[in-house]
Amino acid sequence: MDDGSHEGYRGRLAPSPTGLLHVGHARTFWTAAQRAKEREGILILRNEDLDPQRSQAEFARAMIEDLHWLGIRWSEGPDCGGAYGPYAQSERRAHYLEAWWRLREGRFIYPCVCSRKDLAQAASAPNEGDADNDDEPVYPGTCRGRDAGAIAEPAGVNWRFRVPDGEAIEFRDLNLGAQRYVAGRDFGDFLVWRRDDVPAYQLAVVADDAAMRITEVVRGADLLKSTARQLLLTRALGLSVPDYFHCELVRDASGVRLAKRHDRLSLRHLRGSAMAPEKVLEMAGWP
């Protein structure tokens, strides 16, 4: 696995084809594009079609068309190729298996056999999670003492990363400033591989950002806590740490952050209503 060492600015757009892009995506991706342009750097597009049950080819086509309509261009991607492809996560399994194996050999991860009922009961426990964060219930550690033994493939059980309880994970976000999360309190042992043999988001993005030599990750503020998890993975794998720039979230008229279910605020709908790209960016709060 490439350690991610690099020269020059490399940013990325990393949409998931599980629905249509909306105004919130427009703000984040336009920000990423402008930061790459200002630094005379390279911008790539990565299709994060990791989940085979939710990802759809029609949404993958739509995201490329809608981003082009918005005025965003990239130098590498699934539509134009590049030196660090493939640029679709569904085609990058070998990279994720290598990362999984390294984590297994380093005893950073363990097999988890908890059922959905077990996890649902944990999820029903009181917590103080912020609805704008990518919160998941803190895993109670039921399987933490399990050893990988002779297991040579990840399929069949969930695999969790064993977080260093009590360690403060600190980083400076280039937009939102100093951030601090305590492992075991703010987040627990998290998934890196699912029992249905699908790599988890946290593992995939860390492996891909390193392999594609990304120097700065621009994304929404709802993923701030994921940065703490990903820093632990990056350290365990011995990879270079990119810079992080998290954008404020775009909200609807009632103050709820936008999601892909907000069809009327999708780029596809706004395009169809003859709205100009400049007006969409204005709606997104771009100066």
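Predicted model: local features only at pLDDT ≥ 70, side-chain atom pairs only at ≥ 80, totals over all residues.
Author: Let's start in the loop between α1 (23-38) and β2 (42-45), where Glu40 is found.

Reader: Fine. What makes Glu40 exposed?

Author: Its relative accessible area is 76%. The label exposed needs a value over 50%, so Glu40 counts as exposed. Its backbone is worth a look too: phi of Glu40 is near 50°, a positive value in a residue other than glycine.

Reader: And why is Asp197 called partly exposed?

Author: Asp197 has a relative accessible area of 24%. Asp197 sits in the loop between β7 and α5, and although not a glycine, Asp197 has a positive phi of about 70°.

Reader: Now the helices. What makes α3 and α5 roughly perpendicular?

Author: Helix α3 (residues 93-105) packs on helix α5 (residues 201-211) at an angle of about 110°. Anything from 65 to 115 degrees counts as roughly perpendicular, so this pair qualifies. The two axes are 9 Å apart.

Reader: Which residues make that contact?

Author: From α3 you have His95, Tyr96, Ala99, Trp100 and Leu103; from α5, Leu203, Ala204, Ala207, Asp208 and Ala211. By class, the contact of α3 with α5 has eight nonpolar residues, one polar and one charged.

Reader: How do you know that the buried residues of α3 lie on the same side of the helix?

Author: Tyr96, Ala99, Trp100, Leu103 and Arg104 are the buried ones in α3. Around the axis they cover an arc of only 135°, which puts them on the same side of α3. An α-helix has 3.6 residues a turn, so residues three or four places apart point the same way.

Reader: What do those buried residues of α3 pack against?

Author: Their partners are β3 (109-112), β4 (158-161), β7 (190-193), α5 and α6 (224-237).

Reader: Ala99 keeps turning up. Why is Ala99 called buried?

Author: Ala99, which lies in helix α3, has a relative accessible area of 0%. The limit for buried is under 20%, so Ala99 is buried. Its C-alpha is 7.2 Å from that of Leu237, a residue 138 places away along the chain.

Reader: What makes the span of α6 agree with expectation?

Author: At 1.5 Å a residue, the 14 residues of α6 should span 20 Å, and the end C-alpha atoms are 20 Å apart, so the two values agree. For α3, with 13 residues, the reach is 18 Å, close to the 18 Å expected. α2 (57-70) has 14 residues and reaches 20 Å, close to the 20 Å expected for α2.

Reader: Why is α6 described as mostly covered?

Author: In α6, 12 of 14 residues are buried. Among them are Lys225 and Arg229, along with Leu224, Leu231 and Leu237.

Reader: What follows each of these helices?

Author: Arg107 follows α3, with a positive phi near 60°. After α2 comes Gly71, with a positive phi near 105°, and after α6 comes Gly238, with a positive phi near 70°.

Reader: Which residues of α2 are buried?

Author: They are Phe59, Ala60, Ala62, Met63, Ile64, Asp66, Leu67 and Leu70. The buried residues of α2 pack against β1 (10-13), α1, β2, α7 (267-272) and α8 (277-283).

Reader: What makes the peptide bond from Gly85 to Pro86 cis?

Author: Its omega is near 0°. Pro86 is in the loop between α2 and α3.

Reader: And the whole chain: how many helices and strands are there?

Author: The protein chain has eight helices and nine strands. Buried residues make up 50% of its 287 residues. Among contacts between residues at least 6 apart in sequence, 78% join residues at least 24 apart.

Key. Residues numbered from 1 in each chain as written. Heavy atoms only, no water. Axes fitted to C-alpha atoms, helices over the stretch in contact; angles between N-to-C directions. Helix = DSSP H or I, 4+ residues; strand = E, 2+ residues; numbered from the N terminus. Parallel < 35°, antiparallel > 145°, perpendicular 65-115°, else oblique. Contact = heavy atoms within 4.5 Å. Nonpolar A, V, L, I, M, F, W, Y, C, P; charged D, E, K, R; others polar. Expected span 1.5 Å × (residues − 1). Buried < 20%, exposed > 50% of the residue type's maximum accessible area, 1.4 Å probe, protein only. Arc of directions from axis to C-beta.
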